[in-house]
Amino acid sequence: MPYLGSEDVVKELKKALCNPHIQADRLRYRNVIQRVIRHMTQGLDMSSVFMEMVKASATVDIVQKKLVYLYMCTYAPLKPDLALLAINTLCKDCSDPNPMVRGLALRSMCSLRMPGVQEYIQQPILNGLRDKASYVRRVAVLGCAKMHNLHGDSEVDGALVNELYSLLRDQDPIVVVNCLRSLEEILKQEGGVVINKPIAHHLLNRMSKLDQWGQAEVLNFLLRYQPRSEEELFDILNLLDSFLKSSSPGVVMGATKLFLILAKKFPHVQTDVLVRVKGPLLAACSSESRELCFAALCHVRQILHSLPGHFSSHYKKFFCSYSEPHYIKLQKVEVLCELVNDENVQQVLEELRGYCTDVSADFAQAAIFAIGGIARTYTDQCVQILTELLGLRQEHITTVVVQTFRDLVWLCPQCIEAVCHALPGCEENIQDSEGKQALIWLLGVHGERIPNAPYILEDFVENVKSETFPAVKMELLTALLRLFLSRPAECQDMLGRLLYYCIEEEKDMAVRDRGLFYYRLLLVGIDEVKRILCSPKSDPSLGLLEDPAERPVNSWASDFNTLVPVYGKARWATISKCVGAEHGGSELSHAAPFTISGHLISEENKERVQETPDSEAFMLVPNCQLTAEYFEKTWLSLEVAHQQVLPWQGEVHPDTLQMALQVVNIQTIAMSRAGSQPWKAYLSAQDDTGCLFLTELLLEPENSAMQISVKQTEAKTEKLNSFMSVLETVIGTIGDIKS
């Protein structure tokens, strides 16, 4: 938005730039240019003084040159014709005796985002790669990547790549790191820079001369090299040993990851490395940088999956400070739960008890859930604390405590008596749906141990018409019927009233169906009701309820020092996919030609999924019918050719998805019903060359992502990519409709 009086400001500056008296005074001239830059950075359009600024670049004042070059790089795309005039000045400066001027001019030329600039910058870049000054070589190496990005669709220049590989031997360490970055960008389509034995050993020997950023970068590239022998492996580990003591957390984490990857066949070496980085990780967890602290806590949790109790002796380091943000407190509470042992359980529980009354309701509830998690091992102490918390009569505390009790009685039957003794009276402080459901479930399952259980449920029955949550009504039906089996005299009348309301007056179909089902079940007989509702409960020794087994280090070593510990593997895969789609553009290449009829897909989304047919378009054959037996046999005989994850929100509507798949000639072999957890679907398709594509769709209840696995009868990468484009389009479009 232009500032008031902006036209007058531009005219004034333009007049000042043309004033010969101001030009003669170097300081006044520079001050005018600084005013131009200041207004430019504030959003004022200063493109009308482009010619005057180009003339100002003809000076020996390096500060003035920097300001003018910044201006030209900003407005070159808006004034491409006039920018060509500035290239002559830049080319001339690339031959200046002063290396600072040469580097500055070359960097500015490579930053000009305008058509046709490549032919002007190619020769200066090649000259810069051979320049005697290290600063110019640094700029020229990065300029190679910029030049490649300007014309990313052109073929890779083999001579330029060889020149960059040779510069890996440069005496300047920053040139070496810049070469790696440029080669990675230029060779992205070929898989990135290749690290062989000579390059790997050369980089390792130069590591000590690099700055911390360069060391972290080189450590990341060294992950691609695999030593040929055990002797070479340990020689490399010895060279890396000193970087585990670096003052930079990035270098320490990079060296740790390289250790874990290289020593994947030596678990004892991996354990020793994780012991050595305990100190740097603890220091990072106490860092003033909140981002660094959070990332370190996520990595600590990852390590604890393989080494439980690894940080137990330092449990006080994970106590929360009042001034810490909410997300760091939650991570520390999670870590504390995994560090509890016989020696520190009392101190940890006392600390968590203090968090339960925090001013933040969310943090207080997280602390209560944490105590519930510890209660699986230290039941008596935790139940006592939870019972005391009920005495506070705070709504958000009572709700979570009751939910914790509900989960605890399944896993620790020995605490049922204590829980039943604590429940009476807490119904007055519960208002939300989850808390009501937990309390009603406890009263229904263990009501015979609670004297006033029928009367508490009667209050819920009296207020059922004003209850807004259908889930609470269904839980009330089940609980009251269960309690009726053990205490029929006290429950018969209110059960009849509840069934009548649910069948005759309730508008929610799920509640009405549940009421009809129980009514008809009672007509069959009490024995049948007992057989169904009082079936054997789950055994706490079942694997589903056990603590997860220790994970080997190799299962997560490749995710160490990445964002996977922060986001989680499934969510990070979804984020990476979305980011890749943004960088790659929204258009889909090689998409199958198909049209959508009816109102299944909106007109706005049609434009996303329709492509103009051409002679080389990927075609899926219609009416390709496979039997379930043939699909299963073929599926088991093939290997997975491609796997990826797509974002998905909410439930799947099978009918809508199946209709969309039929439009693009993809057959549905089998599909789960709506609401199934996990939800699965098996699909098949065949292209015009006879290649079969067998697909599995999987939607886990805890993930907001659709996992896709594809197998094909013929190894054709282009065909597979085309099929995935079609499938992604359909799933993405249906996902947009849902959201």
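**Figure 1. Contacts of serine 47 in a predicted model.** Beyond its neighbours within four places in sequence, serine 47 is in contact (heavy atoms within 4.5 Å) with Tyr71, Tyr75 and Lys79. The residue belongs to the loop that joins α3 (26-41) to α4 (50-56); helices (H or I, at least four residues) and strands (E, at least two) are DSSP runs, numbered from the N terminus. With a relative accessible area of 11%, serine 47 is buried, a term that means under 20% relative accessible area, against over 50% for exposed and in between for partly exposed (1.4 Å probe, protein chains only). The model is predicted, so that local features need pLDDT of at least 70 and side-chain atom pairs count only at pLDDT 80 or more, while totals for chains, interfaces and linings use all residues. Residues are numbered from 1 along each chain as its sequence is written, and side-chain values use heavy atoms, with hydrogens and water left out.

Figure 2. Twelve of the 13 residues are buried, among them Trp441, Leu442 and Leu443. The cover over the buried residues includes α23 (395-411), α26 (453-462) and α27 (470-486).

**Figure 3. The five-stranded sheet.** Five strands form an open sheet in the order β1-β5-β4-β3-β2, with antiparallel pairing; two strands pair if DSSP finds at least two bridges between them. Because β1 (642-647) and β2 (667-671) are edge strands with a single partner each, one side of each has no neighbour in the sheet. From one strand to the next, the twist averages 20 degrees. Angles run from 0 to 180 degrees between N-to-C directions, and axes are lines fitted to C-alpha atoms, for helices over the stretch in contact.

Figure 4. Eight bridges link β3 (residues 679-686) and β4 (residues 692-699) in the antiparallel sense, and lysine 680 stands opposite leucine 698 in β4. Helix α34 (residues 628-637) lies across β2, β3, β4 and β5 (705-712), at about 90 degrees to β4. Helix α35 (residues 654-663) also packs on the sheet, where it touches β2, β3 and β4, and its direction makes about 155 degrees with that of β2.
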